[in-house]
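Please keep the sequence and the 3D view at hand while reading.

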Amino acid sequence: MSDTPFGFGLPPEEPEDGDEGKKKDQQSGGGQGPANPFGFGGLPGAGGFGGPGADNPLAAMFGSLNPSDLGAAFQQLGQMLSYEGGPVNWDMAKQIARQTVAQGAPNGTKDASVGAAERRAVEEAVRLADLWLDDATSLPSGSASAVAWSRAEWVEATLPAWQELVDPVAERVGAAMGDVLPEEMQAMAGPLIGMMRSMGGAMFGTQIGQAVGVLAGEVVGSTDIGLPLGPAGKAALLPANVEAFGKDLGVPQEEVRLYLALREAAHQRLFAHVPWLRSHLFGAVDGYARGIKVDTAKLEDVVGQFDPQNPEQLQDALQQGMFQPEDTPEQKAALARLETALALVEGWVDAVVHAAAKPRLSSADALRETLRRRRATGGPAEQTFATLIGLELRPRRLRDASRLWASLTDARGVDGRDGLWAHPDMLPTATDLDDPDGFVHREQLDFSELDKMLGEAAGGGHGKPDLRKKDDDETEGDDTE
């Protein structure tokens with residue numbers, strides 16, 4: 001059980017009794033380090049139920065708090081019990097994320113406002129990256145602006161996307177909390193169910209807030225996990241995290257910044273000029289998440305033993321995970337679609353960035369491999385989804401997809417490769433990743449006659465020009481017969 005009342009940690013303060021107070025706090029085991037993004041830090045001086053004062057829960061929870069800490073604890077408790085919004089208390093999530101960011105990243109670095117020089121460096125890197133990408137892809141620039149964010153600014157900018165991703169599953173948990181009670185008891189237990197749902201929203205908000213706060217200490221841009229988390233058209237880098245990322249690589253900081261700007265700008269091009277892609281990815285996440293069932297046996301145990309004086313039971317259940325994937329063909333197909341979509345996005349970015357950087361950066365190969373391994377091993381983003389909705393946002397087949405896109409470039413050229421993003425049905429499938437040569441050399445369908453018929457129908461008999469490239473086996477030259 002956590003040492004903190006209701007699982008909510010407060011920003012650390014200096015103990016009133018100096019070094020002696022620090023020793024006592026360490027001995028009490030209060031708080032978990034940043035290595036656990038879902039841990040809940042101890043309140044300063046709180047002994048917890050397992051320590052001194054265990055025979056008096058209120059004394060254990062609040063006895064050694066100073067008046068200001070006690071007031072903050074009751075304020076957070078009031079926020080938790082009075083919440084009547086959606087399935088996640090996003091105000092609390094934002095507050096916890098900001099607090100986590102303020103405490104510093106796992107590597108020991110603190111957040112700070114971005115200076116004018118850093119902003120100019122990011123803007124110049126994105127501008128140069130877009131110039132290089134013009135030779136590597138037919139998709140035009142998707143970056144209306146380049147921004148340099150602090151970690152706190154990243155939190156503010158990405159929370160709407162996290163809300164879109166997490167709310168559907170949190171809603172299932174909130175409904176399940178009421179459904180596990182027998183029907184005849186639900187009417188009598190109405191206030192208790194409402195309180196549990198409020199607590200559930202707060203617990204989800206706390207965990208999401210802590211995970212997002214930890215993630216803010218590691219991400220280098222707005223598209224690190226393959227999804228567009230930031231506002232459309234804004235290519236964003238976090239200078240403090242870019243510096244930390246390149247610290248031990250033995251690569252000049254300018255090259256690290258430029259390579260990461262290439263990746264961010266490439267993602268922006270893809271999401272800006274493939275209008276269906278964002279909804280396709282978010283829909284795949286939602287489709288997979290809705291197919292996950294709540295472990296009702298575990299939830300029934302929690303509800304059956306629920307103690308209003310110990311709402312941390314709900315937090316512990318969420319922290320341990322209550323989700324089980326449905327072992328059905330539909331659920332397996334949803335997972336395959338999601339993993340393939342993530343792999344295709346990341347593989348395309350990997351191939352395009354490598355084509356742009358290889359002739360110009362001596363460190364291109366080393367940076368490419370570092371980022372591939374970083375994505376393969378995962379981090380707080382993957383842990384967040386694995387814990388909260390049983391899903392890891394990891395492109396397991398990134399290397400296969402990158403090889404396929406590179407082969408398509410050799411066989412069909414840049415325009416032919418990028419033309420596959422015109423419609424989701426034209427993209428390679430998971431089976432195609434197993435046989436990339438078969439997909440690359442598969443005969444392309446000729447849509448010219450269909451285009452002509454549609455053009456005549458739309459234009460009253462006047463055909464529209466066929467803008468598609470001719471297949472390799474068609475003759476070049478004059479279209480006149």
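## Burial and overall make-up

Of the 481 residues in the protein, 48% are buried. The model is predicted. Its accessible surface is about 23000 Å², and carbon and sulfur atoms account for 51% of that area.

The protein contains 20 helices and 4 strands. When contacts between residues at least 6 apart in sequence are considered, 77% of them join residues at least 24 apart.

## Nonpolar core

The largest nonpolar core is made up of 89 residues. Trp154, Trp162, Leu277, Trp348, Trp405 and Trp421 have the most contacts inside this core. H14 provides the largest share of the core, with 13 residues.

Apart from neighbours within four places in sequence, Trp421 contacts Leu270, Val274, Trp276, Leu277, Leu344, Val345, Trp348, Trp405 and Leu427. Helix H14 spans 329-357, and Leu344, Val345 and Trp348 are among the contacts of Trp421.

## Cavities

Searching the whole structure gives 4 cavities of 30 Å³ or more. The volume of the largest cavity is about 200 Å³. This cavity is lined by 18 residues, and Asp224, Leu260, Arg263, His267 and Leu371 are the closest to its centre.

Which residue classes make up the lining of the largest cavity? It has 9 charged, 6 nonpolar and 3 polar residues. At least two lining residues come from each of helix H10 (253-273), helix H14 (329-357) and helix H15 (364-377).

Note on methods. Residues are numbered from 1 along each chain as its sequence is written. This is a predicted model: local features need pLDDT of at least 70, side-chain atom pairs count only at pLDDT 80 or more; totals for chains, interfaces and linings use all residues. Side-chain values use heavy atoms; hydrogens and water are left out. On a 1 Å grid over the protein atoms alone, a cavity is a set of points where a 1.4 Å probe fits but cannot get out, and a pocket is an open set with protein on both sides within 12 Å along at least five of seven lines; lining residues have an atom within 4 Å of a point. Grid points are joined across faces, edges and corners, and a volume is the space filled by probe spheres set on the points. Ala, Val, Leu, Ile, Met, Phe, Trp, Tyr, Cys and Pro count as nonpolar, Asp, Glu, Lys and Arg as charged, and the others, Gly among them, as polar. Buried means under 20% relative accessible area, exposed over 50%, partly exposed in between (1.4 Å probe, protein chains only). Contact means heavy atoms within 4.5 Å. Accessible areas come from the Shrake-Rupley method with a 1.4 Å probe; for residues, only the protein chains shown count as cover. A nonpolar core is a set of buried Ala, Val, Leu, Ile, Met, Phe, Trp, Tyr and Cys residues joined through side-chain atoms within 4.5 Å.
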